[in-house]
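Visitor: Please take one part of this model and go through it closely. I would like the pairing, the packing and the setting in one connected account.

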Amino acid sequence: LPHVPAVHAVADDLDDADRLADLEVGPVAVLLPARADRDTTTSQGREVRLCAHYSIGITCRECGMCAQLDRPFMIGLPAHGTGRVHIPIKRWARTA
């Protein structure tokens, strides 16, 4: 897959993802709690697919999902690193 730079609007939670999507400024990525392990939806029914690195263990180069700027879904990125404990679980209550 060709890899091109991709700029995403990054949401803090699923409700914020809906707000950003409504602005139609480009593709949306959304921060999920560290324990996120499946696809989900926003309250407005928008599909959020878990980043393939976390769902099936492939690399960004192998996947390329984020480079698809006209995709009909958002990318869900589980929190990681030392800040992951600051992402509330309650913001990730919906499941697909």
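This is a predicted model: local features need pLDDT of at least 70, side-chain atom pairs count only at pLDDT 80 or more; totals for chains, interfaces and linings use all residues.

Guide: Strands β2 and β5 (residues 74-78) run parallel, joined by 4 bridges. Leu31 has Leu77 as its bridge partner in β5.

Turn to the pairing with β1. β1 and β2 are also parallel, over 3 bridges. Ala9 stands opposite Val28 in β2. Ala11 stands opposite Val30. Between these two strands the chain passes through α1, and the β-α-β crossover is right-handed.

Now place β2 in the sheet. The sheet is open, has 5 strands and mixed pairing, and its order is β1-β2-β5-β4-β3. β1 and β3 (40-41) are the edge strands, each pairing on one side only.

Is β2 buried or exposed? Of its 5 residues, 4 are buried, so the rest of the structure largely encloses this strand.

Look next at Val30. Leaving out residues up to four places away in sequence, Val30 touches Ala11, Asp13, Leu14, Ala17, Val48, Ile75, Gly76 and Leu77.

Val30 belongs to the largest nonpolar core, which has 13 residues. Ala11, Ala17, Val28, Val30, Leu32 and Met74 touch the most other members. Two or more residues come from each of β1 (9-11), α1 (14-23), β2 (28-32) and β4 (47-50). α1 gives the most, with 4 residues. A second, separate core has 6 residues, including Ala29, Ala52, Phe73 and Ile75.

Step back to the whole chain. The protein has 3 helices and 5 strands. Along the sequence they follow the pattern β-α-β-β-β-α-α-β. Of its 96 residues, 35% count as buried. Take the contacts between residues at least 6 apart in sequence: 65% of them join residues at least 24 apart. The accessible surface is about 6,000 Å², and carbon and sulfur atoms account for 54% of it.

Key:
Residues are numbered from 1 along each chain as its sequence is written. Side-chain values use heavy atoms; hydrogens and water are left out. A nonpolar core is a set of buried Ala, Val, Leu, Ile, Met, Phe, Trp, Tyr and Cys residues joined through side-chain atoms within 4.5 Å. Buried means under 20% relative accessible area, exposed over 50%, partly exposed in between (1.4 Å probe, protein chains only). Contact means heavy atoms within 4.5 Å. Two strands pair if DSSP finds at least two bridges between them. A crossover is right-handed if, with the strands pointing away from the viewer, the path from the first strand over the helix to the second runs clockwise. Accessible areas come from the Shrake-Rupley method with a 1.4 Å probe; for residues, only the protein chains shown count as cover.
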